[in-house]
Amino acid sequence: MDQTVIGVFDTYDHAERAKQQLITRGFSANDVQVRAHGADIGTTGTTGTTTTTRDDDVGFMDSVRNFFADLFGPDQDDAGHYSEAVRRGGAVVAVTVSDESRVESAREALAATGAVDIEKRVAEWRASGYEGYRSDAAPYTRDEIEKERARVIPVVQEELEVGKRQVDLGAVRVVSRMVETPVKESVTLREEHASIERRPVDRPASEADLNALRDQSIEVRETAEKAVVSKSARVVEEVVVGKTASERTEQVSDTVRNTVVDVQNDGRTTTGATASATGATGSMMGTTADNMAATRTSADYDDDFRSDWNTRYASMGGSYDDYAPAYRYGSTLGSDTRYKGRSWDDIETNARSDWQTKYPGSDWERFKAAVRHGWERVTGQRR
């Protein structure tokens with residue numbers, strides 16, 4: 001049963017390269033069809049298996065829509081998305097594969113020449129107001145296509161700012177109040193009372209007794225002591241109320257985010273740090289010679305990474321794609337100004353922490369050598 005493999009490209013030139021790649025791999029030119037906007041080549045109509053359109057050729061868009069409708073059948077959403085890609089100045093390559101075993105080869109050819117992810121591209125369109133393909137919408141003009149291709153990826157990097165603020169820990173209040181405490185003391189009190197004793201006597205009266213025969217009185221004073229209570233106040237303690245100040249150093253830990261731009265061109269992926277983000281964005285669109293030069297430098301890194309993988313990991317099984325993120329991550333570290341001029345031993349702890357944040361559950365020890373190789377390749381500190 002025939003199968004159709006489809007790839008979306010930003011420009012007609014990319015689509016033509018994909019077509020030639022398919023032919024090189026043994027696919028028939030008659031089985032490869034290209035649907036492209038005419039803004040890139042300035043023509044309209046059909047030449048061989050390539051169909052293009054002028055800016056105002058709405059009729060052509062109907063034919064493009066019908067072409068994808070035939071491919072996708074009832075799934076009109078996908079047909080509309082591919083039609084929208086052509087309307088916005090892109091190009092679509094469709095290759096008919098009769099041998100099921102060659103489907104993967106067709107996919108690899110399209111990916112290697114820069115096919116974009118249509119789902120991600122549709123998500124970008126939706127973010128700017130796209131609600132679905134409209135058959136009555138005219139193709140983009142040349143100016144609109146230029147703006148579409150000049151999409152800007154904002155490169156954002158967070159910086160950690162540590163300050164201090166005063167925190168109210170509450171007031172300390174000292175209140176004095178009067179309390180009464182019962183006190184018991186013992187005191188000895190003396191009392192004096194008159195004592196009268198009558199004694200019976202029988203003896204002759206003496207001269208003294210006779211002299212006492214007159215009126216007389218004897219007075220005896222009775223006395224008693226009473227307890228007298230007096231109070232005296234003494235200061236026995238002083239409470240001094242004030243406050244003291246002290247300082248302490250606190251270590252603040254957090255994470256900061258920054259935008260890393262992955263550049264895909266001719267099937268190779270490189271990761272640019274924030275300092276080179278503008279060049280990475282340009283090479284993604286393939287519009288200037290300078291950006292193409294930057295891509296060639298990234299390709300040199302990729303060749304080196306693949307060579308290191310063949311030497312270090314190939315015998316263990318798996319594929320280069322399993323380790324490619326580690327090499328790219330290492331090259332990103334090498335371009336990070338925070339680690340400029342520092343040794344690997346100095347940055348490894350931070351690199352490991354950041355890696356485990358980006359790739360939770362990933363075995364650092366397994367990929368550490370690849371990360372270090374990518375870092376040393378960019379910094380020139382090859383072992």
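G330 is found in helix α10 (residues 320–335) of a predicted model. Helices are DSSP runs of H or I with at least four residues, strands are runs of E with at least two, and both are numbered from the N terminus. Residues are numbered from 1 along each chain as its sequence is written, and side-chain values use heavy atoms, with hydrogens and water left out. Because the model is predicted, local features need pLDDT of at least 70 and side-chain atom pairs count only at pLDDT 80 or more, whereas totals for chains, interfaces and linings use all residues.

G330 has a relative accessibility of 0% and so counts as buried (under 20% relative accessible area; exposed means over 50%, and partly exposed lies in between, with a 1.4 Å probe and protein chains only). Residues up to four places away in sequence aside, G330 touches V371, G374 and W375, where contact means heavy atoms within 4.5 Å. G330 and V371 stand 41 residues apart in sequence, yet their C-alpha atoms are 4.2 Å apart in space.

W375, one of the residues touched by G330, also takes part in an aromatic pair with W344. Rings of Phe, Tyr and Trp (its six-membered ring) pair if their centres lie within 6.5 Å; planes under 30 degrees apart count as stacked, over 60 as edge-to-face and the rest as tilted. By this rule there are eleven aromatic pairs. In the pair of W344 and W375 the ring centres are 5.6 Å apart and the planes stand at 50°, so the pair is tilted. The pair links distant parts of the chain, 31 residues apart, with W344 in helix α11 (residues 344–358) and W375 in helix α12 (residues 364–379). Both W344 and W375 are buried. Ring pairs also join Y313, Y323, Y329, W355, Y359, W364 and F367 into a cluster.

A further packing arrangement concerns helix α1 (residues 12–24) and helix α4 (residues 103–112), which pack at an angle of about 145° with their axes 9 Å apart. The axes are lines fitted to C-alpha atoms, for helices over the stretch in contact, and angles run from 0 to 180 degrees between N-to-C directions. The contact is made by A18, Q21 and L22 of α1 and by A106, A109 and L110 of α4. These residues divide into five nonpolar, one polar and no charged; Ala, Val, Leu, Ile, Met, Phe, Trp, Tyr, Cys and Pro count as nonpolar, Asp, Glu, Lys and Arg as charged, and the others, Gly among them, as polar.

L22 lies in helix α1 and, at 0% relative accessibility, counts as buried. Not counting residues up to four places away in sequence, L22 touches F27, V32, V93, V95, A106, A109 and L110. The C-alpha atoms of L22 and S105 are separated by 8.6 Å, although these residues are 83 apart along the chain.

Leaving aside neighbours within four places in sequence, F72 is in contact with I6, D78, A79 and Y82. F72 and T4 are 68 residues apart in sequence and 9.8 Å apart in space, C-alpha to C-alpha. R190 is placed in the loop between α6 (142–149) and β6 (191–192). The C-alpha atoms of R190 and K226 are 8.2 Å apart, and the two residues are 36 apart in sequence.

For the chain as a whole, the secondary structure comes to twelve helices and nine strands. Of its 383 residues, 31% count as buried. Among contacts between residues at least 6 apart in sequence, 70% join residues at least 24 apart. The chain exposes about 27,200 Å², of which carbon and sulfur atoms supply 46%; accessible areas come from the Shrake-Rupley method with a 1.4 Å probe, and for residues only the protein chains shown count as cover.
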